[in-house]
Amino acid sequence: MEVELIHRPGNTAARVSLQPGEVCTTESGAMIAMSGNMQIETTTHQKGKGSVLKALKRLVGGESIFMNHFEPLGGKGELWLGTALAGDMLVHELDNEQLIVQGSSFLASEQGVELDIGWQGFKSVLSGENIFWLTLTGKGKVVLSSFGAIYPVEVDGDYIVDTGHIVAFEQTLDFSITKAGKSWLHSFLGGEGLVCKFSGRGTVWCQSHNPQSFGSSLTPNLIARKA
Amino acid sequence: MYNLILTGKLEPGTNPRDALAGLAKLLKVDDAKAREIVRNAPVCIRRNTDAAMAERVVAAMKAIGIRIQLEPVAAAPAADGLAGTGVGTGVGTGVGTGEVASTAGAANAVSVAKTTNSAASAKPARPEQPSTSLKVIAGGKPAAANPVDKAQTPDSQQTAQAPHTPAAPESFKGFRYQLSGQPDYCFISVEIPAGETIKVEASAMASMTTNMLMKTRAKGGLSRFMSGESVFINEFTADTVPGEIGIAPGSPGDVKHLYLDNEEVFLQNSAFVASGMGVVAESKWQGFTKGFFSGESLFLIRCSGQGDLWFNTYGAMIEIDVAGDYVVDTGNIVGFTSGLDYDIQSVGGYKSLFFSGEGLVCRFRGHGKVWIQTRSVPAFASWANWYRPVKKK
């Protein structure tokens, strides 16, 4: 599986070239175009590893429990992936490591990568943002997307990132939800609310913009919907 | 024996920068000099060449994307008259063989008058005396002649000469334009020669010189109204002097320019931005099965005829050459050429239909080009849907 990112950074699209027999798993709705010989299969689980429990876990996690698997039939195939929001993408190669990805940043992965909803317990609930985390393990390429640009931060010690700006981080980092300011009152009045505090050694990838903030800024201009 | 004329035109699909670099290399001059040559095109680059040598030069130039015209030397004495040139109006100088001239003249008989417009700026274009005439041009040319712009808009340079036929001075083919802010926030500025008109999607005009006259037309009638596109296309005409218009498409994204030469291009209903007057944009009913299920609209816009066409995307643009079949999400289609047949279908099995998030896709078959956009308006709208305020009961 070869991945090429084009039109970076504003309107990035990923071009995935697949050899016969290779399978690419994508988030539902990510495909924008593909060659005619591409076969698509939609499952609630990792291809070949069915588990109702995992599907349920994903449901609880708030993610769409369906994944699409693309496989070219009779020769090579290509697949174009895009996102709903403007922004950049990142290709990361896993080599039997663990990567924790913010749910809506996951775009696609190679066959050797296993996806699991990482239940972060009350941490996720507390973070206030509608965030769930995917744990990716195994070997292979992973494509992540962001809203705005992506920048890596090498953490050695402690580092704080606003919850809405996290794209992914290495599992070697421990994270906890904390307040941004010294007192709870100041944290909330300052509009920062809760933040993620990382400790240990590893990389955090951050996105330059927070989708929730952008969405909220649209709210006054949108027509009300029925609950 | 032939004279070799560098017309300033490029082979279709050639990147002007590459062509310029290639030319510099071929002629063993630096970039600035090559630019100078292109700016002064059409220009004679070699005189009294025998046929074999001429062939070789033409082939070499063609390889780097530059068109060369052969002018039989025997015809030279007849070419003593001045060929009209419209400088700064997008009208090129006429140089060439009688044959080329007559075809061009026939195709553009309408525009003979236009050359008269620019007769004031006519220059001696006889390739036999390049050194003198180049100086004249360099001195007399309006500042508009930015070499890069010129190279980027090869289509705006039409060349033909009519040593024998008076009808030959040629004419207007395409506007000179510039795209800026690509690919994320593309903006188009078009130079409109005096008396010429451009069609622009309603409300897309962002800026213009004061001599541009606007006329609103409801084109395409009811079907256009139903296609979701605004009924109105505005026509902007430059009055007695050349004007300029800046066009900003509605959605942030890229813009593609095509010069239609009696070809047909189909566009998704919001993709049309602007076109020359020779292009007919009309709504085309897709049929119930194709239209309803595509989730987009029942209509496509069919652009045909001859002239410039600009269309825009939401997000960046990807051009795909289809040979065989290709599948595109309905929300990401921008347009496609007429050689393609398409139908709307679901992807995968029943489970994919409902749960893949892809919904319905468009499968293209045949040979041609499809333009797709990297972002889709429906996808963004459904994302934004979650942020709508909730109505209190």
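Start by selecting residues 124-129 of chain A, where pLDDT stays under 50 and the model has 14 contacts beyond four places in sequence. This is a predicted model, and where pLDDT is low, the predicted coordinates should not be read in detail. Over chain A as a whole the average is 79, and 76% of the residues score at least 70.

**Chain A, overall**

Select the whole of chain A. Its 227 residues are 40% buried, and the chain has four helices and 16 strands. Of its contacts with a separation of 6 or more, 81% are between residues 24 or more positions apart.

**The loop between β1 and β2 of chain A**

Zoom to His7(A), which is found in the loop between β1 and β2. His7(A) is not a glycine, yet its phi is positive, at about 55 degrees. Is His7(A) buried, exposed or partly exposed? There are 19 other C-beta atoms within 10 Å, so His7(A) is partly exposed; the cut-off for buried is 20 or more.

Step along to Pro9(A), in the loop between β1 (2-6) and β2. The peptide bond from Arg8(A) to Pro9(A) is cis, with omega near -5 degrees.

For another positive phi, go to Asn96(A), again about 55 degrees and again not a glycine. Asn96(A) sits in strand β8 (residues 89-102) of chain A. It has 8 C-beta neighbours inside 10 Å and therefore counts as exposed.

**Met38(A) and its surroundings**

Select Met38(A), in strand β5 of chain A. Met38(A) counts as buried because 21 C-beta neighbours lie inside 10 Å. Leaving aside residues up to four places away in sequence, Met38(A) touches Phe70(A), Pro72(A), Gly77(A), Leu79(A) and, from the other chain, Val327(B). Draw a distance from Met38(A) to Glu71(A): their C-alpha atoms are separated by 5.6 Å, although the two are 33 residues apart along the chain.

**The side of chain A that touches chain B**

Show both chains and select the residues in contact across the interface: 35 of chain A and 36 of chain B. On the chain A side, β4 (31-35), β5 (38-43), α4 (211-218) and β16 (225-226) each supply at least two residues. The largest share, five residues, comes from β4(A). By type, this side of chain A divides into 17 nonpolar, 15 polar and three charged residues.

Look for Ala33(A), which stands opposite Val328(B) in β15(B).

**The nonpolar cores**

Which residues have the most contacts inside the largest nonpolar core? They are Leu79(A), Leu81(A), Leu144(A), Leu267(B) and Val328(B), in a core of 97 residues. Strand β15 (residues 194-207) of chain A gives the most to this core, with seven residues. Centre on Leu81(A) to see its neighbours: residues it touches, beyond four places in sequence, include Ala13(A), Val16(A), Ile32(A), Leu107(A) and Val143(A). A second, separate core has 16 residues, among them Ile5(B), Leu10(B), Val38(B) and Val43(B).

**Chain B**

Chain B has 11 helices and 19 strands, and 42% of its 393 residues are buried. Residues 24 or more positions apart account for 80% of the contacts in chain B with a separation of 6 or more.

Select the four strands of the open sheet ordered β4-β5-β10-β7 in chain B, where the pairing is antiparallel. Why is one side of β4 (176-180) and of β7 (205-208) left without a neighbour in the sheet? These two strands stand at the edges, and each has a single partner strand. From one strand to the next, the twist averages 20 degrees. Within the sheet, pick out β5 (residues 187-192) and β10 (residues 243-247) of chain B, an antiparallel pair with five bridges. Ser189(B) stands opposite Gly246(B) in β10(B).

Finish at Thr216(B), in strand β8 (residues 212-218) of chain B. Thr216(B) has 11 other C-beta atoms within 10 Å and is therefore exposed. From Thr216(B) to Ile233(B) the C-alpha separation is 6.1 Å, and the two are 17 residues apart in sequence.

Key:
Residues are numbered from 1 along each chain as its sequence is written. Chains are lettered from A and ligands numbered from 1 in the order in which they are written. This is a predicted model: local features need pLDDT of at least 70, side-chain atom pairs count only at pLDDT 80 or more; totals for chains, interfaces and linings use all residues. A residue is buried if 20 or more other C-beta atoms lie within 10 Å of its own, exposed if 12 or fewer, and partly exposed in between; C-beta atoms are placed from the backbone. Two residues are in contact if their C-beta atoms, placed from the backbone, lie within 7 Å. Ala, Val, Leu, Ile, Met, Phe, Trp, Tyr, Cys and Pro count as nonpolar, Asp, Glu, Lys and Arg as charged, and the others, Gly among them, as polar. Two strands pair if DSSP finds at least two bridges between them. Axes are lines fitted to C-alpha atoms, for helices over the stretch in contact, and angles run from 0 to 180 degrees between N-to-C directions. A nonpolar core is a set of buried Ala, Val, Leu, Ile, Met, Phe, Trp, Tyr and Cys residues joined through C-beta atoms within 7 Å. pLDDT is the predictor's confidence in each residue, from 0 to 100.
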